[in-house]
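Me: I am new to this structure. Please take a close look at one helix and what ties it to its surroundings.

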Amino acid sequence: MQRWPLHSLLIAMATLLLVLALLSLATGPLGLGFAESLRALLPDSPLPAHLQLVVQQIRLPRTLLCITVGAILGLCGAVMQGLFRNPLADPGIIGVSGGAALGAALAIVLLAPLSMVWQQRLGIGLLPLFAFLGGALTTTLVYLLGTRGGRTSVTVMLLAGVAVTALSGAAIGLLTYLADDQMLRDLSLWQMGSLAAGKPRDILLSAAALFGLLIFFMRDAGALNALLLGEPEARHLGIAVQPLKRRLILLTAAGVGVAVSTAGLIGFIGLVVPHLVRLIAGPNHHRLLPLSVLLGATLLLAADMLARIVLAPAELPVGIITALLGAPFFLWQLIRHRHSALE
């Protein structure tokens, strides 16, 4: 099957992302046309101040955060599927999301007064910090459980990730039982994912993480291609498999930790995006990784726009939209792989 040139695919996806980003500025309960939304970005805009505020302070930051978070999730999903050599893999399978959710629950339920003090003095609450630390610590634990004698077992890591995620869920259930009504609402909204409260620091953090991850992952694109042949074959080709695994796992944990700390739990982007990219561009990670960045940003931005208009003027959490789109895709893939395994 002949593939399109990489530059053509990059231009096409970047153009689609740009169009959606501009449409995102005009999407919301407040009736603003496309042209008005663009004029609201101008420093000497003739539009009323409240309309400029909506576009500049609410919709533009939300759009930028959506792009960076979606790009991180798509990129990390592509790396995880290449590392585990499994198209059903997702960054959450190694416990990152579960650990981040537990960290956020601790910050919301047990440390709410301290979080308010931090918010007033430092401009940042404890929730993003604890979510990031929870994801990082969980990944470190899963990695240590799966490593013995300098060798890492992917199977043991997956099982450890499932166990740690289950323990995190039990701990979150206990915290939910102890929480009051406001804490329950905050915890529920965070677990369903939301990009509505995008702040400049969140955008800068996620953009810096995306830039760094893309640089490091592209350097390992050739090694990931070799790993698709199997670990013994990759070693024969001169790939240091163990350091590669360790590096990719820790970098993925850091990226997903940043994403969930700024936007909450948003599932299935890391699962769906790499598979769709492979259908149009093939499994070569030199093509797969940059295209997953663009498609991840595009898919999450489209889901966020849908979340804003489905129940307007109310708004659905974007995590619900991604789950409604991603869960059927996951089941379809599972059925396909089951049939392949039974044939």
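Reply:

At the start of helix 14, a side-chain oxygen of Asn 284 comes to within 3.0 Å of the backbone nitrogen of His 286. This is a predicted model: local features need pLDDT of at least 70, side-chain atom pairs count only at pLDDT 80 or more, and totals for chains, interfaces and linings use all residues. Residues are numbered from 1 along each chain as its sequence is written, and side-chain values use heavy atoms, with hydrogens and water left out.

Helix 14 covers residues 285-309. Helices here are DSSP runs (H or I, at least four residues), numbered from the N terminus. Helix 14 has 25 residues and reaches 35 Å from its first C-alpha to its last. That is close to the 36 Å expected at 1.5 Å a residue (1.5 Å times one less than the number of residues). A kink of about 25 degrees is centred on Ser 292.

Buried means under 20% relative accessible area, exposed over 50%, partly exposed in between (1.4 Å probe, protein chains only).

Next come the salt bridges (a side-chain nitrogen of Lys or Arg within 4 Å of a carboxyl oxygen of Asp or Glu). The whole structure has six. One joins Glu 315 to Arg 62, with the closest N and O atoms 2.7 Å apart. Glu 315 sits in the loop between helix 14 and helix 15 (318-342), and Arg 62 in helix 3 (residues 49-84). The two are 253 residues apart. Glu 315 is partly exposed, at 37%. Arg 62 is buried, at 6%.

Note on methods: Bend = angle between axes of the 7 residues up to and from the residue. Polar contact = N/O pair within 3.5 Å; in protein donor to acceptor, adjacent residues only side chain to side chain.
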